[in-house]
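This briefing is intended for a reader who will inspect the coordinates directly.

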Amino acid sequence: MAIGIGIDTGGTYTDAVVYDYDTNKVLAKGKSPTTHHELSIGIGKALDMLPEELLKKAKSVSLSTTLATNACVEDRGGRAHLLLMGTKRSTLEWLGADKKYGFSYDDVLCLDTKSSFDGKRYEHPDWDKILTENEAFFKKADAISVAELNAPRNGAVMEKLAEEKITEIYKKPFIAASELVSDLDLMERGATALLNARLLPVIDRFREAVKDALEKRGLDAKRMIVRSDGSLMTDEHASSRPVETILSGPAASVIGTRALAQADDCLIIDMGGTTTDISIVKNNFPYMSGGISIGGWRTQIKGVFIDTFGLGGDTRVYLKEGQLTLDSRRVEPLCAAAAKWPKVKEELKKLYSQARFHTQPLHEFLYLLREPKETDELSEAQTRLVEKLRGGIEMIGGETLGIYVPESDALEKMGIVMRCGLTPTDIMHIKGDHVSFDTQASLYAAKFFIGSMDAYKNDEEDHLSDFCDEVYELVKHRLFVNIARIFLETKYPDIFKKGADASTLAIIEKKWESRNEKKDDKFFELDFNVSAPLIGTGAPTHIFLPDVAKYLGTKAIIPKHSEVANAVGAAVANIVCTSQVMIRADYHTGGLGGYIVYARDSHEKYPDKADAIEAAKAAALKEATQEARLRGAKGELKAEFSFSSRGSRDKEGSAIDLGTTVIARVSGRMEV
């Protein structure tokens, strides 16, 4: 029996599973709140929920986490500086690089070195002068990074020399962009390297916490970490490449959900409290996005494709011009609020009994989520509202708050004030599909809605049923529209470079409106037929997804153990490494002079394109294989090649070769 442990440390919970690789089954699972002050505590508690005899048999521990993701969003990390070679400070400011790429100008030192695009010529700077004049810049950093213009074309000569010169004096972690990425964009390369340097202490803290939790339980197993593309690397490898984990948790969720559903091609729908995340798996591998952008940072790190939109169990239900509508923002469900504050149910009962029906949300409540850090940044009205809420939760239109509270919106966006309102979670309580809190509070709020809408004249039970069904249909509607949109955008990326436009969305809306109509138009019929199943994860998906799948001509699958899909994904992920080598036609005044192959550490010229392709394949395979071994792959590796060519024509109509990219993809397993 080959046993592995999967652990996921998320923002709210830490999950752990024991996985049997021989039978592809989850043998045990545990879930515990994430303890941010000391991560090893939450990890240990999740492990303690698993049978000790199974833990002792495990040969490997695979990890996933959202810690790097959260650090990017919350602007946390170590002190890191970037040496940017081949540009000027004025160029950064002209580009607005701080806003476009995420780094602060104070963290960047520009050297206006000269190099040629083909990588044949480059300029050596005066390193003694640079190190002497910028001593404070290097000393203040806990880690130093470098990115050089045209490095992918010249073997990163200047990046390597910078590392040699700087680490000779400053014994600090050093990150070269060429060790992480291979695309040409200098600013993205620099942002990637700098962010990686900032995240070093974040990943170290996580690694130490896992190590501590395992050692306390006498577990000695090889540790692996899920990368943003859903593949694995060793724990040691991750210590120098934390930027490759910024989508570790979401990637593990995709891999785990697919494995649990045993589907090679599928669409994964993860519905949480605030948002719904959708990912695509095709040919047994997640659909990939380009460089990941997160928390203002624009990187060249590839990651799983995730489309996120506002829809969850806690999405606000409200009236807009008398019509029932779903907001895009999260509110606290009234059933949950009433469980914490009995006052909520009492006030809702009073509101309904007095028949105070109104188009304004008199059923909603506000409470102070946290004290504002800088009160001088608040308006007088906002300050007064904060003062009113210091006494506890208050009902809109009640004795303390007026019917109109416009100053609340900004405070809610700032995370200072929280709104409580009717949500799909409340409707699930009323219908009995999910009951964890105070159903009666939800019921009073629903009856207030019924009395406030022209479509319903009283609160008879048939109206209550119709009302609840209408909310459910709104959720299904938003799911349908977004799933259809994502299929179109990914099927036709050239057409929808900027996303689906209003006309496309209007067509999808029309299809939803006619979903139950009989198809009797033989002349023309528009269908959205999906062959891949929809895989649901997250508490509400089993309620809404089957009907949406039916309208898309497919089926919905809600796999067992989906609540620990991230930990399962960590356990079942493989090591997959991709390397690409560029071939460029060498044109000069005499015509085509051959083809240049740009490998990571060298570039060679070949007279024939076929020879150049074979050389590029060998170089790409070598790089991918080396990377796979570094990440911990053992035994035989599977290799695949793909090619991407670009061409054009000159004024005379003759063909021009604009280059070919050879891509090698190597996959293997860690030793279990």
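The predictor's confidence in each residue is expressed as pLDDT, from 0 to 100. In this predicted model, the mean pLDDT of the protein is 87, and 97% of its residues reach 70 or more. Local features need pLDDT of at least 70, side-chain atom pairs count only at pLDDT 80 or more, and totals for chains, interfaces and linings use all residues. Residues are numbered from 1 along each chain as its sequence is written, and side-chain values use heavy atoms, with hydrogens and water left out.

**Confidence by element**
- Helices (H or I, at least four residues) and strands (E, at least two) are DSSP runs, numbered from the N terminus.
- The lowest mean pLDDT among the elements, 79, belongs to helix 8 (residues 151-154), and the highest, 94, to strand 7 (residues 143-148).

**Nonpolar cores**
- A nonpolar core joins buried Ala, Val, Leu, Ile, Met, Phe, Trp, Tyr and Cys residues through side-chain atoms within 4.5 Å; buried means under 20% relative accessible area, exposed over 50%, partly exposed in between (1.4 Å probe, protein chains only).
- The largest core has 67 residues, and those touching the most other members are Leu324, Leu348, Phe467, Phe480, Ile483 and Leu534.
- Helix 19 (residues 461-491) supplies the largest share of this core, 14 residues.
- Another core, of 64 residues, lies apart from it and includes Ile5 and Leu47.

**Helix 17**
- Helix 17 (residues 424-431) is largely enclosed by the rest of the structure, because six of its eight residues are buried.
- The buried residues are Pro424, Thr425, Asp426, Ile427, Met428 and His429.
- Gly432, with a positive phi near 80 degrees, follows helix 17.

**Exposed phenylalanine**
- Phe524 is found in the loop between helix 20 (502-513) and strand 23 (534-537).
- Phe524 counts as exposed because its relative accessibility is 54%.
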